[in-house]
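Please read the following briefing alongside the sequence and the three-dimensional model.

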Amino acid sequence: MKCDVLVVGAGPAGCSAAAACGAAGLKTIVVERKPEIGVPITCSGAIGSYLLPYLPFKTPKNLLKHSIEGLEFIVDEVSYVRRGGPWSSYAIDRSAFDKWLSQRAVDSGADLIMSAEFIDATLDKSWSGGRAQIRKKDEIIEVDFKVMIGADGARSRVLETLGERVSDARMGQAVVYEYEGVTLESPELDQLYFGDFAPGGYAHIFPLSDNRANIGVGTIASDADLRQCFQDFIALPRVKAQLKDGRPVLEKSGTVSFEPLSRKRQYGSVLLAGEAASQNIKPLVEGFLPAIICGDVAGKT
Ligand SMILES: Cc1cc2nc3c(=O)[nH]c(=O)nc-3n(C[C@H](O)[C@H](O)[C@H](O)COP(=O)(O)OP(=O)(O)OC[C@H]3O[C@@H](n4cnc5c(N)ncnc54)[C@H](O)[C@@H]3O)c2cc1C
């Protein structure tokens with residue numbers, strides 16, 4: 001197979017990059033190793049309203065599930081609330097949003113190949129293109145590309161093939177569960193908790209509706225027992241009271257890039273976008289909208 005642009009990964013960064021390339025009339029192939037877009041979800045689904053104007057499209061209202069007025073910061077008994085402006089956000093249905101983004105890429109003319117895993121690539125000596133090996137079922141497909149965009153997330157295989165070391169020791173980990181039937185103190189506020197239960201990170205309750213929320217703990221301490229941290233967090237009296245009648249219905253845990261694995265975003269004809277390029281906003285590692293914005297920039301480049 002031949003293409004102008006090979007995009008690795010059909011997450012928000014990859015789909016956004018592919019949509020930009022497709023719209024520019026470039027022959028674009030996106031390979032995604034999962035069989036279904038947006039499944040499983042590894043995200044707490046909170047997006048800052050302040051970034052919406054920077055997206056390369058107008059966000060359909062039905063993807064913004066729940067409006068959040070502000071943030072409450074909680075340390076022991078001390079609490080501090082900020083509302084409006086940069087503190088307001090939305091809860092999204094991440095799976096539906098990812099599916100919408102992939103459809104947008106396809107509508108722009110990109111070819112999306114599912115259950116197709118990028119394995120390796122050989123770059124031309126002049127770095128002006130290359131050939132990638134893609135595994136689909138038992139078959140290895142070779143794809144010749146002029147440009148490759150690595151949008152394959154925090155544990156980027158593309159970055160590894162460029163000679164960079166991708167190690168969990170430099171990542172952040174988060175244990176997150178979606179709970180239903182919770183009794184939230186304030187469904188219009190995201191709650192951020194800081195303490196020993198989240199060493200080098202924070203815990204959160206992000207409402208999805210009046211009685212549903214994503215609840216999790218994230219840390220950059222690679223030696224932390226995160227499952228235990230989560231148990232310690234939900235045992236806090238204030239958290240326990242809100243979870244009283246709630247039950248976890250879906251796990252959404254995963255890995256985020258905290259310390260950049262590389263300072264470079266471009267290696268000759270290979271560009272990186274999204275988590276693969278550590279393009280999330282620290283220290284909260286908000287990465288969904290930045291991935292869309294940076295993917296678009298990579299595609300337009
Ligand atoms: C637990 C958790 C909670 C989070 N909560 C929030 C939040 O509330 N708000 C927020 O803004 N951000 C949040 N983030 C961060 C956000 O999810 C990421 O920043 C965002 O998904 C980055 O998008 P991406 O496209 O770069 O990477 P991903 O979304 O990781 O997409 C990468 C894609 O590449 C595919 N892929 C990987 N390797 C290969 C390969 N070799 N071949 C083919 N395909 C491959 C993957 O299957 C995946 O579909 C959270 C992250 C985690 C882990």
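On a 1 Å grid over the protein atoms alone, a pocket is an open set of points with protein on both sides within 12 Å along at least five of seven lines, a cavity is a set of points where a 1.4 Å probe fits but cannot get out, and lining residues have an atom within 4 Å of a point. The model is a predicted one, in which local features need pLDDT of at least 70 and side-chain atom pairs count only at pLDDT 80 or more, whereas totals for chains, interfaces and linings use all residues. Residues are numbered from 1 along each chain as its sequence is written, and side-chain values use heavy atoms, with hydrogens and water left out.

**Second largest pocket**

- The second largest pocket is lined by Ile-74, Val-75, Asp-76, Glu-77, Tyr-193, Phe-194, Gly-195, Phe-197, Leu-236, Pro-237 and Arg-238.
- Two or more residues of this lining come from each of strand 5 (70–75), strand 13 (189–194) and helix 5 (237–243), where helices (H or I, at least four residues) and strands (E, at least two) are DSSP runs numbered from the N terminus.
- The volume of the second largest pocket is about 230 Å³, a volume being the space filled by probe spheres set on the grid points, which are joined across faces, edges and corners.
- By class, the lining of the second largest pocket holds seven nonpolar, one polar and three charged residues; Ala, Val, Leu, Ile, Met, Phe, Trp, Tyr, Cys and Pro count as nonpolar, Asp, Glu, Lys and Arg as charged, and the others, Gly among them, as polar.

**Enclosed cavity**

- Rolling a probe the size of a water molecule over the atoms shows where empty space is left.
- The structure holds one cavity of 30 Å³ or more, and the space in the largest cavity comes to about 30 Å³.
- Lining the largest cavity are Ser-257, Leu-261, Ser-262, Lys-264, Leu-272, Glu-275, Ala-276, Ala-277 and Ser-278, a set that divides into four nonpolar, three polar and two charged residues.

**Strand pairing around strand 13**

- Strand 13 is largely enclosed by the rest of the structure, because five of its six residues are buried, buried meaning under 20% relative accessible area, exposed over 50% and partly exposed in between (1.4 Å probe, protein chains only).
- Strand 5 and strand 13 run parallel and are joined by six bridges, with Leu-71 having Asp-190 of strand 13 as its bridge partner; two strands pair if DSSP finds at least two bridges between them.
- Strand 13 also pairs with strand 14 (residues 201–209), in the antiparallel sense and over three bridges, and here Gln-191 stands opposite Ile-205 in strand 14.
- Six residues lie between the strands in the hairpin of strand 13 and strand 14, where Gly-200 takes a positive phi near 70°.

- Three strands form an open sheet with the order 3-7-4 and antiparallel pairing, and its edge strands, each of which pairs on one side only, are strand 3 (46–48) and strand 4 (64–68).
- Strand 3 and strand 7 (residues 89–92) run antiparallel and are joined by three bridges, with Ile-47 standing opposite Tyr-90 in strand 7.

**Two buried helix residues**

- Gly-22, placed in helix 1 (residues 12–23), is buried with a relative accessible area of 9%, and apart from neighbours within four places in sequence, Gly-22 is in contact (heavy atoms within 4.5 Å) with Thr-28 and Ser-108.
- Arg-94 is found in helix 2 (residues 94–107) and is buried, with a relative accessible area of 16%; not counting residues up to four places away in sequence, Arg-94 touches Pro-12, Ile-41, Cys-43 and Phe-288.

**Backbone geometry**

- Most residues other than glycine have a negative phi, and most peptide bonds are trans.
- A cis peptide bond, with omega about -5°, joins Val-39 and Pro-40, and Pro-40 lies in the loop between strand 2 (28–31) and strand 3.
- Ser-115, in the loop between strand 8 (111–113) and strand 9 (116–123), has a positive phi near 50° and counts as partly exposed at 30% relative accessibility.
- Ser-278 has a positive phi near 55° and lies in the loop between strand 19 (270–272) and helix 6 (288–300); at 6% relative accessibility, Ser-278 counts as buried.
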